Amino acid sequence: MSTGPFVAGLKCSGNVFWGFSSFAWQRGTLQLIAINLITLHNILEYMLNILLYCILTCLNVFFPNLDFSWSTELEQNLKDVFQLSTFRPLQLKAINLSMSGKDLFLVMPTGRGKSLCYQLPAVCSEGFTLVVTPLVSLMEDQLMYLKSIDVEAVSLNASSSKEHAKMVLAEMTDSKAPFKLLYVTPEKIAKSKLLMSRLEKAYNAGRLSRIAVDEVHCCSQWGHDFRPDYKLLGILKRQFPKVPLLGLTATATGSVLKDCQKILCVPEPITLTASFNRTNLYYEVRLKDSNSDDSVSDISALIKERYKDQSGIVYVFSQKDAETVSADLQGKGVNASPYHANMNPEDKSQVHRKWATNKIQVVVATVAFGMGIDKADVRFVIHHTISKSIENYYQESGRAGRDDKPADCIVYFGFNDIFRISTMVVMENVGQQKLLTMVDYCQNVDRCRRSVIAVHFDEVWDDEGCNEMCDVCRHGNDYITVDITQHAKDVVQIVELAGSLDEKLTPLKVTEAWMGKGPAKRRKMIQTTTLSRLEVEAIITSLLLQGYLSEDFSFTPYTTYFYLKLGGKAPLLKNQSHSITMKMRRTGLDANTVSTTQQTVQESFSVPGKDQRRKEIW
Ligand SMILES: Nc1ncnc2c1ncn2[C@@H]1O[C@H](COP(=O)(O)OP(=O)(O)OP(=O)(O)O)[C@@H](O)[C@H]1O
């Protein structure tokens with residue numbers, strides 16, 4: 001507030017003073033009142049906003065199906081077209097937001113019904129919805145499903161015939177065209193100028209009602225399934241800013257979503273995230289013995305006994321494994337067929353069709369049989385080899401129990417598999433880091449398996465949420481913490497010695513050296529162990545996960561070799577007071593004991609009988 005006139009008045013006569021003073025007083029008072037009114041207005045406006053927010057939140061919570069102009073049509077089409085009676089959590093909210101023109105990222109667990117969130121709005125809107133999807137097989141599945149419920153949909157991909165493409169491109173701008181959804185691969189958007197020009201025409205004619213980007217995590221290099229052509233999809237929002245975009249994924253962390261937002265040029269998307277917890281899935285890890293890998297016998301026994309006549313998938317590491325494991329299972333009387341990317345398309349769709357109609361009980365597949373596989377009654381997903389990341393594992397195991405009934409997700413965890421996969425993902429951005437997180441999921445028995453998955457996806461987790469639906473929670477009392485400091489020193493000494501002799505050791509060499517299987521001369525220089533092979537492998541894995549050992553790769557024109565070298569934490573072992581512990585299955589020891597001697601460790605490590613080992617981790 002200016003005091004200029006008041007100060008000037010003081011220097012003059014009384015009248016002038018009073019004249020100036022009263023003018024100044026009035027002006028000051030008015031200014032004060034104005035300021036107060038503005039402040040009051042701001043406070044009221046702020047309170048009103050809070051009140052409005054609370055009312056909207058309550059309405060959203062208690063009446064998520066609050067009437068919009070499209071609500072009746074939605075309900076009607078949900079029942080009549082999609083033959084569903086109710087919405088699953090978050091579906092209606094997502095649909096209403098998208099129908100009101102908001103850009104949205106929807107993170108919903110596998111099998112929860114993300115597709116409905118763009119298919120139903122497409123049916124209830126003018127024009128058509130553009131759906132970008134990464135796989136042609138996924139596209140074909142959706143087209144098959146939509147055809148079965150009489151929803152008109154078309155697709156454009158590399159294998160579309162010229163006539164078909166011409167017809168679709170012409171219909172895009174035809175107001176009488178019947179299709180409601182147009183499925184395209186990201187490659188089409190990136191490469192076909194004709195498609196872009198048609199989209200532009202459709203946009204100008206008001207026929208492009210919505211854009212859905214399925215598996216939106218494929219945009220980000222930090223996601224688990226980066227596809228370079230997804231990087232170019234920002235063109236859609238730049239060219240068609242008024243069209244609401246819906247990005248869908250089951251597996252994206254907060255940072256991956258931030259990246260996707262930037263890549264897709266979506267200024268302020270609303271993100272809806274459902275819990276990752278699939279309550280009907282039981283998670284379990286079983287050890288694969290490197291000495292006598294009888295995991296296929298184990299798997300066949302499980303399928304024939306526990307999952308008799310039930311549908312399932314066995315995931316394997318390679319195309320060769322798909323063929324051999326499938327043949328082995330067939331040899332043991334299981335109705336199984338292989339599925340991998342190198343099979344011809346007819347054979348692949350035949351296997352898929354036969355499995356979908358229960359003519360094949362088990363598909364033995366690589367990751368090629370993953371995204372979009374939607375069979376309701378899959379009762380088991382068994383991983384013969386660990387996945388290369390938690391995201392992959394969540395996607396693959398997510399094929400189980402999509403009908404909400406109980407289903408099992410079992411991983412066979414083998415020491416050698418870690419290094420087989422490691423050499424495969426070495427060129428990938430953060431490939432090693434992601435693999436080690438998966439190894440950690442399998443190796444650790446001190447945390448609920450669900451909590452590892454949930455925390456990985458940035459979800460705040462309460463262990464009560466598991467409800468003993470994982471082996472760790474179910475057998476929690478069977479584990480004990482043991483001290484492995486001396487073992488760690490022995491292993492580190494072996495790797496250190498090799499380094500000083502300019503030798504590189506593969507994990508197999510380290511294992512065998514520690515077990516005393518190396519040359520006699522070498523044996524004299526190191527401390528060997530009497531622990532079993534499984535125990536030795538568990539300790540080496542733990543040291544790798546904890547950073548006392550680390551990976552070292554060597555490339556030849558034909559192959560990649562994996563070696564173990566000292567990790568960043570190895571020097572800590574020189575410190576006498578430094579100790580390392582590890583949790584493992586208890587065998588007769590008091591659960592609260594933390595053993596410190598080698599003798600105790602050996603006791604606590606004693607491996608259960610073969611049959612028991614088959615059922616549980618340690
Ligand atoms: N409201 C609902 N009520 C009952 N079933 C539903 C509902 N919404 C979707 N479904 C069914 O759930 C199954 C999975 O749906 P969808 O394929 O869309 O899953 P998704 O979330 O895309 O999973 P993923 O990421 O694993 O592909 C489908 O068979 C679908 O018909």
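Start by selecting Arg-88 and the ligand: an N or O atom in the side chain of Arg-88 is 3.0 Å from an oxygen atom of the ligand. This counts as a polar contact, a pair of N or O atoms within 3.5 Å (within protein, one must be able to donate a hydrogen and the other to accept it, and residues adjacent in sequence count only if both atoms are side-chain atoms).

What you are viewing is a predicted model, in which local features need pLDDT of at least 70 and side-chain atom pairs count only at pLDDT 80 or more, while totals for chains, interfaces and linings use all residues. Residues are numbered from 1 along each chain as its sequence is written, and side-chain values use heavy atoms, with hydrogens and water left out.

Next select Thr-86, where a backbone N or O atom lies 2.8 Å from a nitrogen atom of the ligand.

Now select Asp-404, in the loop between α15 (390–397) and β13 (407–414). Asp-404 is not a glycine, yet its phi is positive, about 75°. Helices (H or I, at least four residues) and strands (E, at least two) are DSSP runs, numbered from the N terminus.

For another positive phi, go to Asn-358, a residue other than glycine with phi near 60°. Asn-358 sits in the loop between α14 (345–356) and β11 (362–365).

Select residues 415–425 (helix α16) and 431–443 (helix α17) next; their axes come within 9 Å and cross at roughly 155°. That makes α16 roughly antiparallel to α17, the term for angles over 145 degrees; under 35 is roughly parallel, 65 to 115 roughly perpendicular and the rest oblique. Axes are lines fitted to C-alpha atoms, for helices over the stretch in contact, with angles from 0 to 180 degrees between N-to-C directions.

Show the side chains here: Ile-418, Ile-421, Ser-422 and Val-425 in α16 meet Gly-431, Gln-432, Leu-435 and Val-439 in α17, contact meaning heavy atoms within 4.5 Å.

Finish with α21 (residues 507–514) and α23 (residues 533–546), which pack at about 125° with axes 10 Å apart. That makes α21 oblique to α23.
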